[in-house]
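Please keep the structure open while reading.

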Amino acid sequence: MANVLIIEPHPEVRELLVRIVHRLGHVVLVDDGRPVTDWEQVDAVLVEPAPEGSLEAIAPLVRERGASLVCVSIYPPSAEVTALAPVAYLQKPFSLVDLERALVAALAEPATA
């Protein structure tokens, strides 16, 4: 069982992701607008790279912790996102199988802090 942080600005999508990740047997941590203070608990981050720069703000913390990054978006990956080398980039709408595969791959990645 892993700890997966979900950072998704759309409440409906966030709740769906929470249910899916929980159903896969993982503990879900949700970014609810308050900063995550205990990054030691984060094994993987599932994030929508929003135009507001949320990904750029957390990228150093993800790298420092050695957590894996999975991005989900309706847009193709930007150069900035590609430079962060996510384990997976899922373009919405994506299948549940694709999400599960991405999480399995993210959690299999060795920590490289």
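In this predicted model, His 26 sits in the loop between helix H1 (11-23) and strand E2 (27-30). Three salt bridges turn up in a search of the whole structure.

**His 26**
- His 26 counts as buried because its relative accessibility is 15%, under the 20% limit.
- A polar atom of the His 26 side chain lies 3.3 Å from the backbone nitrogen of Ala 2.
- Apart from neighbours within four places in sequence, His 26 contacts Met 1, Ala 2, Val 4, Val 21 and Leu 107.

**Salt bridges**
- Glu 8 and Lys 92 pair through their side chains at 3.0 Å, N to O. Glu 8 is in the loop between strand E1 (3-7) and H1, and Lys 92, 84 residues apart from it, is in the loop between E5 and H4.
- Lys 92 also forms a salt bridge with Glu 48, with the closest N and O atoms 2.9 Å apart. Glu 48 is in the loop between E3 and H2, 44 residues apart from Lys 92.
- Glu 8 is buried at 2% relative accessibility, Glu 48 at 7% and Lys 92 at 18%.
- Asp 43 and Arg 65 form a salt bridge at 3.5 Å, N to O. Asp 43 lies in the loop between E2 and strand E3 (44-47) and Arg 65 in helix H2, so the pair ties together parts 22 residues apart in sequence.

**Backbone**
- The peptide bond from Lys 92 to Pro 93 is cis, with omega near -5°.
- Ala 85, in the loop between helix H3 (79-83) and E5, has a positive phi near 50°. Ala 85 is exposed, at 58% relative accessibility.

How values were computed. Residues are numbered from 1 along each chain as its sequence is written. This is a predicted model: local features need pLDDT of at least 70, side-chain atom pairs count only at pLDDT 80 or more; totals for chains, interfaces and linings use all residues. Side-chain values use heavy atoms; hydrogens and water are left out. Helices (H or I, at least four residues) and strands (E, at least two) are DSSP runs, numbered from the N terminus. Buried means under 20% relative accessible area, exposed over 50%, partly exposed in between (1.4 Å probe, protein chains only). A polar contact is a pair of N or O atoms within 3.5 Å; within protein, one must be able to donate a hydrogen and the other to accept it, and residues adjacent in sequence count only if both atoms are side-chain atoms. Contact means heavy atoms within 4.5 Å. A salt bridge is a side-chain nitrogen of Lys or Arg within 4 Å of a carboxyl oxygen of Asp or Glu.
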